[in-house]
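Welcome, and please load the model in your viewer with the sequence panel open. We will go from stop to stop, selecting a few residues each time.

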Amino acid sequence: MKIVITGGAGFIGSHVVRRFVTKYPTYQIINLDKLTYAGNLENLKDIEHYDNYRFVKGDIVDQAFLETLFSEEKFDAVIHLAAESHVDRSISNPLEFVMTNVVGTVNLLNAFKKHRTNEKGFFYHVSTDEVYGELTDEGKFLETTPYSPNSPYSASKASSDHFVRAYHETYDLPVKISNCSNNYGSHHFPEKLIPLFINNIKNKKPLPVYGKGENVRDWLFVEDHASAIDVIFHKGAFGETYNIGGNNEWTNIALVKLLCKLMDQKLGRPEGDAVKLITYVTDRAGHDYRYAIDSTKLMTKLGWRPSLQFAEGLSKTIDWYLANEDWLNNVTSGAYTEYYKEQYENR
Ligand code: NAD
Ligand code: TDX
């Protein structure tokens with residue numbers, strides 16, 4: 001089976017590529033990635049020599065490029081993760097999110113529909129729980145929850161989900177969709193809460209908590225997301241959506257305090273040192289209050305279970321960042337400095 005994984009050089013994509021390349025030696029895995037600021041081939045150094053792995057640099061917005069690639073390769077399946085993924089960036093530059101997340105997804109659907117030769121071949125679209133909007137203190141997102149995206153990022157992901165469904169209904173294209181909660185783990189770009197704060201604590205920089213820090217997120221270890229994608233890829237039904245979550249809700253401020261405590265311990269600093277860096281800053285525009293996922297369908301129908309408790313996953317994650325200082329220094333040099341200034345200097 002020949003599978004193209006888009007966005008394979010990013011945070012979640014690199015974990016999915018590694019899992020498929022090492023676990024399924026008979027599959028040919030092609031990683032198609034534009035290598036934006038978020039894509040990094042360093043994330044895949046350990047598996048780049050595998051015979052069943054290949055990297056192709058390219059942009060999913062570029063129709064002509066996709067036409068050539070898909071007509072030559074005749075992929076059996078697509079696992080689509082390529083996206084602009086950061087909510088704050090979507091507030092400053094929504095159009096880039098429309099281009100990659102909406103136009104890029106439709107381009108991929110068209111290329112796959114036109115060139116697939118295997119009737120059993122299918123398109124697996126990886127999406128987010130943010131398409132459902134925000135929750136109050138009650139309830140969880142189900143697969144049947146109506147879409148109600150609030151940020152340009154989630155609006156673009158919701159739109160891409162609708163196109164994938166529409167290709168199933170209109171053209172009978174076999175598709176699968178999953179919507180996952182917030183991921184954390186190694187190789188996470190330090191613009192997102194957890195890796196940003198790990199880096200800032202390490203460098204004794206302020207920890208910019210948006211608003212009062214009362215927003216709630218449901219955190220899942222990235223390798224558990226990759227294992228869910230594996231299960232859905234192999235056992236999920238066509239035309240179905242599966243929600244993926246860790247049943248692990250934290251207010252931002254409680255999470256940040258736990259992170260501070262673990263970092264003090266690991267860095268051999270006095271207890272209470274990192275917490276002093278917490279700085280409350282202007283809230284994110286349109287900041288969703290709470291996300292929480294009900295993964296009952298995935299657990300009961302396909303037998304998936306998350307493997308790690310949060311404290312263990314967070315500890316492993318911190319250890320990875322402390323052991324991979326070069327990775328962190330490389331991705332926080334250059335353009336990152338400009339981004340950081342724009343986001344946080346006058347907040
Ligand atoms: P990421 O930003 O770390 O990686 C995105 C990857 O896509 C990068 O390697 C980038 O180079 C590539 N890419 C971007 N634009 C491209 C283009 N035009 N053509 C080809 N490649 C392009 O993102 P991530 O956090 O790994 O998220 C991966 C997917 O999972 C996204 O679709 C995202 O919406 C979804 N998701 C993320 C989370 C999360 O917590 N991070 C949760 C649920 C769903
Ligand atoms: O500096 C910060 N301060 C802060 O308080 C940052 C970057 C974030 N936050 C808050 C905002 C959110 O309530 O922390 C929470 C988590 O923020 P992010 O890490 O930016 O994630 P979120 O906005 O929840 O979206 C993430 O989860 C769903 C991913 O970025 C998406 O790609 C995914 O779809």
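Start by selecting K204, which sits in the loop between α6 and β8 (207-210); helices (H or I, at least four residues) and strands (E, at least two) are DSSP runs, numbered from the N terminus. With a relative accessibility of 52%, K204 counts as exposed, where exposed means over 50% relative accessible area, buried under 20% and partly exposed in between (1.4 Å probe, protein chains only). Check the backbone too: K204 is not a glycine, yet its phi is positive, at about 55°. Most residues other than glycine have a negative phi.

Before moving on, a word about what you are looking at. This is a predicted model, in which local features need pLDDT of at least 70 and side-chain atom pairs count only at pLDDT 80 or more, while totals for chains, interfaces and linings use all residues. Residues are numbered from 1 along each chain as its sequence is written, chains are lettered from A and ligands numbered from 1 in the order in which they are written, and side-chain values use heavy atoms, with hydrogens and water left out.

Next, select H187, in the loop between β7 and α6. Is H187 buried or exposed? H187 is buried, at 11% relative accessible area. Its phi is positive as well, about 65°, although H187 is not a glycine.

Now show α6 (residues 193-202) together with α12 (residues 335-344): they pack at an angle of about 100°, with axes 15 Å apart. Axes here are lines fitted to C-alpha atoms, for helices over the stretch in contact, and angles run from 0 to 180 degrees between N-to-C directions. The two helices, α6 and α12, are therefore roughly perpendicular, a term for angles of 65 to 115 degrees. Display side chains for L196, N199 and N200 in α6, which meet Y336, Y340 and Y344 in α12; contact means heavy atoms within 4.5 Å.

Stay on helix α12 and pick A335. A335 is exposed, with a relative accessible area of 62%.

Finish with α10, whose buried residues include F310, L314, I318 and W320. The buried residues of α10 pack against several elements, among them α6, β9 (216-221) and α8 (252-267).

How values were computed
Angles under 35 degrees count as roughly parallel, over 145 as roughly antiparallel, 65 to 115 as roughly perpendicular and the rest as oblique.
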